[in-house]
Amino acid sequence: MDRRLQIKRAVAKARATPKIVSKPVPQNKSNSIITVYEHKNFKGRSDDYNVGRWNYNIVKFHPGNDKISSVKINRPGYEVILYDNANFTGNFLKFKNSLSDVGKLNDKTSSLIVRKIDEGI
């Protein structure tokens with residue numbers, strides 16, 4: 001097999017791996033693990049996320065980069081980690097219950113992780 005074709009397939013496979021970037025969940029809130037909101041107190045534009053690693057510059061990240069102000073955890077047994085930089089770096093906030101105000105990361109979140117409690121990143 002041609003080396004360029006091997007590399008192209010390897011890159012395509014890496015991009016498709018859910019551990020690298022998660023696929024969007026359906027807009028049915030009953031299926032989502034969390035809902036993020038543009039404003040405090042669970043108001044404004046929102047989007048749903050399932051278990052995965054979400055980076056604003058790789059997937060369609062709503063309500064947008066540096067726009068999250070509150071997060072509702074829709075199912076028990078999960079935690080969320082918000083990061084103020086892309087690629088899961090910088091200051092972070094880790095929580096297991098819904099937050100009507102994400103405090104120091106208000107309008108600063110650029111990546112986030114949703115995972116079952118006690119799972120590795």
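Start by selecting Lys40 and Asp101: their side chains meet in a salt bridge, 3.6 Å from N to O (a salt bridge being a side-chain nitrogen of Lys or Arg within 4 Å of a carboxyl oxygen of Asp or Glu). Lys40 sits in the loop between strand 1 and strand 2 (43-49) and Asp101 in the loop between strand 6 and strand 7, so the pair ties together parts 61 residues apart in sequence. Strands here are DSSP E runs of at least two residues, numbered from the N terminus.

A word on the source: this is a predicted model, where local features need pLDDT of at least 70, side-chain atom pairs count only at pLDDT 80 or more, and totals for chains, interfaces and linings use all residues. Residues are numbered from 1 along each chain as its sequence is written, and side-chain values use heavy atoms, leaving out hydrogens and water.

Next, pick Arg115 and Glu79, a salt bridge with its closest N and O atoms 2.6 Å apart. Arg115 lies in strand 7 and Glu79 in strand 5, so this pair links parts 36 residues apart in sequence. Both Arg115 and Glu79 are buried (under 20% relative accessible area, 1.4 Å probe, protein chains only).

Now show strand 5 (residues 78-85) and strand 7 (residues 111-116): they run antiparallel, joined by six bridges. Strands count as paired if DSSP finds at least two bridges between them. Look for Tyr83 opposite Ser111 in strand 7.

Finally, zoom out to the open sheet of four strands, in the order 3-7-5-6 with antiparallel pairing. Strand 3 (52-55) and strand 6 (89-95) are at the edges with a single partner strand each, so one side of each has no neighbour in the sheet.

How values were computed
Buried means under 20% relative accessible area, exposed over 50%, partly exposed in between (1.4 Å probe, protein chains only).
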